[in-house]
Amino acid sequence: ISMLEITLNMYQTAAIAMLLFVVGRFLTNRVEFLRKCCIPAPVVGGLIFAIAHLALRIAGVVQFTFDSNVKDFFMTLFFTSVGYTACFRLLKKGGKKVITFLLVAIVMVFLQNIVSSVLAGVFDWDLRLGLCTGSIPMVGGHGTAGSYGPMMEKDLHIATANAIAVAAATYGLVAGSLMGGPTARSIINRFGLKSNESTEELMEMADESAAEKEKAERVDAESFTNAAILLIVASGLGTLLTMALNNIHIQIGNFEFNFTFPTYIGAMLIAAVIRNFCDIRHIVLPAKALDLWGNVSLSIFLAIALMSVALWDLAKVAGPMIVMLLAQTVMMFFFARFVVYTIMGRDYEAAVMTAAFCGFGMGATPNAMANMQAVTKQYGPAPQAYFIVPLVGSLFIDFFNGLIITGFLNILPLFG
């Protein structure tokens with residue numbers, strides 16, 4: 001008996017994704033481990049479907065094919081909303097420590113990609129496929145994994161990229177959450193560090209009046225519509241910018257450099273330009289509504305991305321992938337424990353940032369915030385860390401990660 005093949009259109013794909021999100025939300029609200037590790041609800045629901053799909057396919061019962069258009073649309077909307085949060089005034093206000101933390105994170109991106117590429121060569125993989133256990137899923141998380149994975153399969157013809165990237169991102173969420181708290185606690189207890197609240201002035205937003213804050217936080221029909229306009233316009237212009245960037249070819253001797261950006265990069269850049277132009281002109285954007293649009297878009301995007309993962313592609317690469325992910329984990333521990341803690345000041349705030357670095361360096365910013373919350377709940381507030389980490393982890397590192405990944409995608413083929 002031949003296996004039944006079902007192709008779902010855009011509406012059916014979105015409907016199943018939303019039902020899986022509901023299932024994931026139900027489980028994350030009731031399973032302590034999922035909540036503690038900050039595993040997003042759509043990731044839980046999507047992976048459950050992916051595992052069930054794997055079982056049905058192995059049994060020869062059914063195979064599903066999904067429409068990716070709705071996923072790509074909401075993926076671009078989400079990253080555009082991230083672009084609107086890139087306030088360079090805040091980066092400047094945060095001072096030297098924000099820049100330092102960003103530079104440390106950029107070094108981590110390079111290290112993750114170097115380690116993953118070297119190990120890919122050891123296991124005789126396409127070196128670019130190794131990046132799917134590097135900064136794409138680690139610093140990038142599920143969002144970047146769900147965008148670069150399909151792009152590498154479709155445009156670069158690198159098989160299994162999506163499945164490996166998404167699986168690695170899921171592993172990173174758990175590993176980063178479990179590693180961060182204990183690492184910070186060992187530092188605090190060893191050196192007898194104490195909380196110091198004298199840095200609370202860093203938490204103040206940059207020169208916003210009460211009226212401006214109220215306008216930015218308002219959520220009604222008008223602000224929600226304005227947020228939609230801002231997102232869709234920036235997304236549309238951003239696709240043109242991405243096309244222009246991807247058409248750039250740089251020839252240096254025998255070396256040809258071709259940019260390979262996913263769709264959302266241009267949208268993020270356009271949104272960042274609009275945001276900072278509005279800051280200069282003192283135009284208040286609907287920040288809360290933009291954030292809500294971003295969160296909703298991320299949930300839909302992740303649910304579709306995770307349920308579409310072809311887990312059967314992982315079987316032949318499972319062994320090497322485990323070794324590569326363990327190598328990333330060991331490197332993250334030593335880098336966070338010794339480099340991040342030392343460079344960020346060897347004080348209580350630095351210890352809390354070390355916990356956070358494990359979270360967003362292997363998973364996502366919510367994991368970083370959860371790690372910090374667990375530490376500060378026991379040892380006292382760390383206002384400087386709470387200002388610096390979201391600023392770097394949620395906003396600026398995504399830009400640099402995209403640029404660095406593109407560089408590696410172009411350079412690695414030279415090494416075979």
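The second largest pocket holds about 930 Å³ of space. Here a pocket is an open set of points on a 1 Å grid over the protein atoms alone, where a 1.4 Å probe fits, with protein on both sides within 12 Å along at least five of seven lines. Its volume is the space filled by probe spheres set on the points, which are joined across faces, edges and corners. This is a predicted model, with local features needing pLDDT of at least 70 and side-chain atom pairs pLDDT 80 or more, while totals for chains, interfaces and linings use all residues. Residues are numbered from 1 along each chain as its sequence is written, and side-chain values use heavy atoms, leaving out hydrogens and water.

What lines this pocket? There are 36 lining residues (an atom within 4 Å of a point), and Ser68, Lys71, Asp72, Pro150 and Lys154 lie nearest the centre. Helix α8 (141–155) gives the most, with 7 residues. Helices and strands are DSSP runs: H or I of at least four residues, and E of at least two.

Now for a helix pair. Helix α14 (residues 318–343) and helix α15 (residues 348–362) pack at about 155°, axes 9 Å apart. Angles run from 0 to 180 degrees between N-to-C directions, and axes are lines fitted to C-alpha atoms over the stretch in contact. The two are therefore roughly antiparallel (over 145 degrees). Contact means heavy atoms within 4.5 Å; Phe335 of α14 and Phe357 of α15 are among the residues making it.

Key:
Parallel < 35°, antiparallel > 145°, perpendicular 65-115°, else oblique.
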